[in-house]
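Trainee: I am new to this structure. Please take me through it and say what each label rests on.

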Amino acid sequence: MASYGTFINACGLNYHGPKGQIRFAPKIGTADFRAPFTAATGWGTYSQERGVKGQFLCELKLNYGQLDLNEFHLADAADLAVNKKQIIVQQNNKLRILGDVTRRNTRLVLTFKDKLILRKGNILKIQWA
């Protein structure tokens, strides 16, 4: 169990089920990062890729169960735009509407207009163009 705590810390995973919040703040390989994650009612993989000139793509794939999300928190995002028009959110290749985007120090908080319910096999993509 102690080694799992080290793994969670390296991934910077923070999950709050009742609030529907998930946060990733990788400590290593932030430009090209991929790791598994677990939540109360499901598990899957998270990946993020940084490009040049503010391009950024993160992907959350649920491999089992269900994940209800109201907010997605992304750390180390000082270089990413807060402008909603520059952020594309897709669930299974269908556009989703952002409610709000706020900056808290170097972290971005994306609040979804409607709760996102991810089920087994679903993919959530968030992209900065």
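Mentor: Start with a definition: helices (H or I, at least four residues) and strands (E, at least two) are DSSP runs, numbered from the N terminus. Asp76, for example, is found in the loop between S5 and S6. This is a predicted model, in which local features need pLDDT of at least 70, side-chain atom pairs count only at pLDDT 80 or more, and totals for chains, interfaces and linings use all residues. Residues are numbered from 1 along each chain as its sequence is written, and side-chain values use heavy atoms, with hydrogens and water left out.

Trainee: What makes up the chain, in helices and strands?

Mentor: The chain has 1 helix and 10 strands. Their order along the sequence is α-β-β-β-β-β-β-β-β-β-β.

Trainee: Why is the chain called as compact as a globular protein of that length?

Mentor: The radius of gyration is taken over C-alpha atoms, and the globule rule is 2.2 Å times the number of residues to the power 0.38. For 129 residues the rule gives 14 Å, and the chain has a radius of gyration of 14 Å, close to that value, so it is as compact as a globular protein of that length. Along its principal axes, the C-alpha trace spans about 40 × 30 × 25 Å.

Trainee: Why is Ser47 called buried?

Mentor: Buried means under 20% relative accessible area, exposed over 50%, and partly exposed in between (1.4 Å probe, protein chains only). Ser47 has 13% relative accessibility, so it counts as buried. Its place is in strand S4 (residues 42–50). Buried residues make up 36% of the 129 residues in the chain.

Trainee: Which residues does Ser47 touch, not counting residues up to four places away in sequence?

Mentor: Ser47 touches Phe33, Arg34, Leu57, Cys58 and Glu59. Contact means heavy atoms within 4.5 Å.

Trainee: What makes Arg50 and Asp79 a salt bridge?

Mentor: A salt bridge is a side-chain nitrogen of Lys or Arg within 4 Å of a carboxyl oxygen of Asp or Glu. For the side chains of Arg50 and Asp79 the N to O distance is 3.2 Å, so the pair meets that definition. The pair links distant parts of the chain, 29 residues apart: Arg50 is in strand S4, and Asp79 is in the loop between strand S5 (56–74) and strand S6 (87–91). A search of the whole structure finds 1 salt bridge.

Trainee: Why is Arg50 called partly exposed?

Mentor: Its relative accessibility is 22%, so Arg50 counts as partly exposed.

Trainee: Why is Asn93 called exposed, whereas Asn92 is called partly exposed?

Mentor: Asn93 has 59% relative accessibility and therefore counts as exposed. Asn92 has 36%, so it counts as partly exposed. Asn93 lies in the loop between S6 and S7, and its phi is near 65°, again a positive value in a residue other than glycine. Asn92 lies in the loop between S6 and strand S7 (94–95).

Trainee: Which residues is Asn92 in contact with, leaving aside its neighbours within four places in sequence?

Mentor: Asn92 is in contact with Gly121, Asn122 and Ile123. The C-alpha atoms of Asn92 and Arg103 are separated by 26 Å, although the two are 11 residues apart along the chain.
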